[in-house]
Amino acid sequence: MSASHLCRLAALGLLAATASAPAGAQMPVATISADDLAAQLARTAPKADRRVLQLAAHAMRCALQRPELGVSSERLSVIDYSRPSTEPRMWVFDLARQRLLFEEWVAHGRNSGENRTEHFSNRDGSFMSSIGAFTAQETYMGGNGYSLRLAGLEPGFNDRARERAIVIHGAPYVNPSTAQLQGRLGRSLGCPAVRLSVAKPLIDALRGGTMVFAYYPDKDWLKHSQLLGGDCGTAAGLATR
């Protein structure tokens, strides 16, 4: 992340030190600050990057100010595509109970890179992953079994997710043991695929409006994301589905 973007985020209060809430404190997510939410996430997922959690918390707080986006306040998922596919890089948080539900491996699109995710697209047929915030919507049975549709909230970055059939599903190629031997996980057609053994409970934890925040230090997205901006997209409007 460049110095200019760090300065911009600092001006928004995204990189400020966060105050720790008392352990076990239960406050409605809609009433707490992004800093306090980020601190809560960091306590429950200490292996996750604190800066990424800070951005996810800010995006979550912004989305909750826009009821038409249909984002649930109960849970949040964060994917950190800046990490290699051989490491766990997806977290699912139960915000109401302040606990971590999943810390998982997740695949990226075959044209997004080898072990590391380096290229992103909003274009159908690109076979690339997309970045930004999504809402997890309804489940269905498809060619990859039990799957979860995602709707992108970020115009120009992921708002074509539904028409591209970008979904969360289980896949046999998401195998950490094999990944260690071949140097990367298997890759999808752009979907954030997870291990078959966790697919159903993970999908059930997300469906019905959970925000899925997919991060990468992309300069264009960090600069233009309406969910990371100071006005939370109220001026320009966000994608709604």
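Reader: Does Asp-80 count as buried or exposed?
Author: This is a predicted model, with residues numbered from 1 along each chain as its sequence is written. Relative accessible area sets the class: under 20% is buried, over 50% is exposed, and in between is partly exposed (1.4 Å probe, protein chains only). Asp-80 has 2% relative accessibility, so it counts as buried.

Reader: With which side chain does the side chain of Asp-80 make a polar contact?
Author: Asp-80 lies in strand S1. A polar contact is a pair of N or O atoms within 3.5 Å; within protein, one must be able to donate a hydrogen and the other to accept it, and residues adjacent in sequence count only if both atoms are side-chain atoms. At 2.5 Å, the partner of the Asp-80 side chain is that of Ser-82.

Reader: Which residues does Asp-80 touch, not counting residues up to four places away in sequence?
Author: Contact means heavy atoms within 4.5 Å. With residues up to four places away in sequence left out, Asp-80 touches Asp-49, Val-52, Arg-89, Trp-91 and Tyr-215.

Reader: How many helices and strands does the protein have?
Author: Both are DSSP runs, numbered from the N terminus: helices are H or I with at least four residues, strands E with at least two. From the N terminus on, the order is α-α-α-β-β-β-β-β-β-α-β-α-β-α. The secondary structure comes to six helices and eight strands.

Reader: What share of the contacts with a separation of 6 or more comes from residues 24 or more positions apart?
Author: The protein has 241 residues, and buried ones make up 56% of them. Among contacts with a separation of 6 or more, residues 24 or more positions apart account for 61%.

Reader: What covers the buried residues of H2?
Author: Helix H2 spans residues 34-44, and nine of its eleven residues are buried. Among them are Leu-37, Ala-38, Ala-39 and Leu-41. Their cover includes helix H3 (50-64), strand S1 (75-80), strand S2 (90-94) and strand S3 (99-104).

Reader: Why is strand S5 largely enclosed by the rest of the structure?
Author: Strand S5 covers residues 145-152. The strand is largely enclosed because its buried residues number seven of the eight.

Reader: How many bridges join S4 to S5?
Author: Two strands pair if DSSP finds at least two bridges between them. S4 and S5 form a hairpin with two residues between them. The strands run antiparallel, and the bridges that join them number seven.

Reader: Which residue in S6 is the bridge partner of Ser-147?
Author: S5 also pairs with strand S6 (residues 167-171), in the antiparallel sense and over three bridges. In S6, Ser-147 has as its bridge partner His-169.

Reader: How far apart in space are Gly-142 and His-169, C-alpha to C-alpha?
Author: Gly-142 sits in strand S4 (residues 132-142). At 34% relative accessibility, Gly-142 counts as partly exposed. Gly-142 and His-169 are 27 residues apart in sequence; in space, C-alpha to C-alpha, they are apart by 9.3 Å.

Reader: What is the phi of Phe-127?
Author: Most residues other than glycine have a negative phi. Phe-127 is in the loop between S3 and S4 and, at 31% relative accessibility, counts as partly exposed. Its phi is positive, near 55°.

Reader: Where is the place of Ala-165?
Author: Ala-165 also has a positive phi, of about 60°, although it is not a glycine. At 39% relative accessibility, Ala-165 counts as partly exposed. Its place is in the loop between S5 and S6.

Reader: Which residues lie nearest the centre of the largest pocket?
Author: On a 1 Å grid over the protein atoms alone, a pocket is an open set of points with protein on both sides within 12 Å along at least five of seven lines; a cavity is a set where a 1.4 Å probe fits but cannot get out, and lining residues have an atom within 4 Å of a point. Grid points are joined across faces, edges and corners, and a volume is the space filled by probe spheres set on the points. The largest pocket holds about 240 Å³. Of its 18 lining residues, those nearest its centre are Arg-164, Ala-165, Ile-166, Leu-189 and Cys-191.

Reader: How many charged residues has the lining of the largest cavity?
Author: The structure holds two cavities of 30 Å³ or more, and the largest has about 50 Å³ of space. Its lining includes Ile-79, Phe-134, Ile-166 and Val-212. Ala, Val, Leu, Ile, Met, Phe, Trp, Tyr, Cys and Pro count as nonpolar, Asp, Glu, Lys and Arg as charged, and the others, Gly among them, as polar. By class, the lining has eight nonpolar and three polar residues, and the number of charged ones is none.

Notes
Predicted model: local features only at pLDDT ≥ 70, side-chain atom pairs only at ≥ 80, totals over all residues. Heavy atoms only, no water.
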